[in-house]
Every structure is written in structure tokens, then in C-alpha cells.
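Subject: Structure handover

Hello,

Here is the structure I promised to pass on. Please open it first, then read the notes below.

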Amino acid sequence: MGPIVVLAGGVGAARFLQGVQAAMTVRELTIVGNVGDDTEIAGLHVCPDLDTVLYTLTGQIDEERGWGVRGDSARALERARSLGYDEWFWLGDLDIGLHLARTAWLRSGLRLSEVTQRLGRALGLADCLLPVSDERLRTIIETPGGDLEFQTYYVRHGHRDDVLGIRFQGADAATPAPGVVEALADAAAIIIAPSNPLISIGPILAVPGIRDALLDRRVPCVAVSPIVGGQALRGPAAHMMRTLGHEPSPVGVADIYDGLIDAMVIDQIDAELATDLERRGLSVHATDTIMRDAKARQHLANVALEVAGIRVGK
Ligand code: FO1
């Protein structure tokens, strides 16, 4: 029996995946992660979405922020700042240690997928975490003030700029990392985590071969809506969808995933949208999708897995 494959962005996906881990006892889980928000800080290769998943699933995440290591200090960054180095991206000391290892291994010639497996093994990750691609892929946000690298838009500018367009630099020439297409082809079910469809899942779908692998699926693909009552639970998804001409609702999300999904899990607050979604040929399950604690995360994962036809272990 093949793995459960989850396409994942950052914080929302990581919390959902925690629920999946808790819901499944014996099944294999393969996570295909976004790399469009990767960045280089002072020469260090930082993979925010992969690391958010890694830290969350190994119990190290700073729950309040949703990223970084819980209780991490910032002595390295403070020293750099005291020396006059101006850095707007916050990096904790333990996090810097991980970036040092990653960067060194990448420079020695290992692929990002190999490095990610190494980091996962070392930190005790039980599941398979794969970057969607080993090649350089960067999300570029087009704003009235010009093109911005993703972290500049998101962190430095606090995602306040109007978004005129989104590009995935390098995507056309990128190839799926080893194991990604194989996992999708062999999957027992595919789930798209509650992540921003445009900037978290968008870069994954932009890698040639991924969309085709989803179109060729022989198992259900279920999307969990990250939009609840017209709002994103976190981040700029709703505003971004509206400005780019998508309805900020599960229906808008479904339209972005047109042809790629068979079912949707939506929040009970959006239950009246079920008919609209069913008209698009989707089966729909409305439930409480707010992942406030471990129990709620497991509940949402249980529902998504069951909608995908997977009998959960617990
Ligand atoms: N988010 C912030 O708002 N400010 C930061 O300084 C910041 C640093 C950071 C460092 C490592 C990391 O893995 C994530 C970090 N994030 C930070 C979060 C991250 O940039 C975003 O949440 C994601 O890229 C959005 O998916």
C-alpha cells in the first residue's frame, strides 16, 4: 500500500500534518514541501516552509510564532547587529546551526532532497519530507513598487503591498525531486494541506510534472480549504486571491485546483457553499477546520483522510 502524500506549505500545513501523524499509526506519510519561499541570508540557505514542517513534526516549533525553534536565543544575530550588520530576517541560534549544516552540505554537492532527508533523520522525523524540487525555484511577488523576492514581500514589507501578479522564477526549468512523482504515482491518497493555494501550493504545482502527476491520479485527491468565512486563518491568502481575481472562499480555492481534486474539506461556517462545490463535481465535507489544539488538528486530519477513503488507525 502506497504512502499518503500531502502537498504542504508552511504553518497551516505543518499543524495539519501534526494531526495526520496523530491520526495514522501505521501508514507511510510523504510530504511534498514548498521551496518557493526559500531565501539566502548572509549566504545561508534558509527553507522556511520545509523547516516549519520539520520543526513542527519533531516537536521543536515555536507554537506561538508558528516558525523557528521554541525558546531559541538570538545571540549570533545580536552579535552581528552589534557589529553593524543590518538584518531584518530573524534567525535564532539553533536555527542558524541547521542552516549552517544545510548550506555546507549543499555546497559539498548534495541535493536539497538529500540534505532534507539527513536533517529529518537527525532530528527524528519519522516521515519522508521532500522538497518539491532540488533546483532553484523562487516565488516573486509583483507589486506596484516592483518585483519582490518572497521573504522581502512577506517579512520585510509585512505582506502589505498590493499583489499584481506572482511568478515562480526557475520553475520552468525545474524538475521534481527524486521520489516526488513516484510517491504521487504510488499514493494511497493525496491531500492538499490548508495552505495558501497561490503562494504555498502554487510553486509546487508550477514544477513541470507535478500537475500531470495529479491529473493522472488513480486515487482521490482532497483539498482542505485554508479560507474560512472569507478570511485566511493566517497570512495574506484572502486579500491576494481577491486582488488576483479569485473569489476568497473555498469555491475560489476549488477553481484554482480545477481538475486536480475530487473532494474538499471546508469549514462548517461555509457549509452553504457545498452546492456550488458539488456542481463542480466535488464531494464536500463541512466540519470545524480551526486547528486550535492537538485534538482539533487530529480531527481535521481524520476527516480529510476519511474523505480520501483512508481508514484511520485511531
Ligand atoms: N517570519 C517573520 O514574520 N519574521 C521573521 O523574521 C521570520 C524569520 C524566519 C526564519 C526562519 C524561518 O524558517 C521562518 C521565518 N519566518 C519569519 C517565517 C516565514 O518567513 C514565513 O512564515 C513563511 O515563509 C511563509 O510561508
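The residues around the ligand are D37, P48, D49, W67, F89, W90, L91, D95, F150, Q151, Y154 and V155. A residue counts as near if one of its heavy atoms lies within 4 Å of the molecule.

Before you go further: this is a predicted model, where local features need pLDDT of at least 70, side-chain atom pairs count only at pLDDT 80 or more, and totals for chains, interfaces and linings use all residues. Residues are numbered from 1 along each chain as its sequence is written, and side-chain values use heavy atoms, with hydrogens and water left out.

Next, the shell. It divides into eight nonpolar residues, one polar and three charged. Here Ala, Val, Leu, Ile, Met, Phe, Trp, Tyr, Cys and Pro count as nonpolar, Asp, Glu, Lys and Arg as charged, and the others, Gly among them, as polar. Helices α2 (48-57) and α6 (150-156) each supply at least two shell residues. The largest share, four residues, comes from α6. Helices are DSSP runs (H or I, at least four residues), and strands are too (E, at least two); both are numbered from the N terminus.

Now the polar contacts (pairs of N or O atoms within 3.5 Å). A ligand oxygen is 2.8 Å from a side-chain N or O atom of D37. For the side chain of D49, the distance from a ligand oxygen to an N or O atom is 2.9 Å. W90 takes part through its backbone: a polar atom there is 2.9 Å from a ligand oxygen. Taken alone, the ligand exposes 530 Å², and the protein buries 86% of that (Shrake-Rupley method, 1.4 Å probe).

Last, the whole chain. The protein has 13 helices and 14 strands. Its C-alpha atoms fill a box of roughly 60 × 45 × 40 Å, taken along the principal axes.

Best wishes

Key. Polar contact = N/O pair within 3.5 Å; in protein donor to acceptor, adjacent residues only side chain to side chain.
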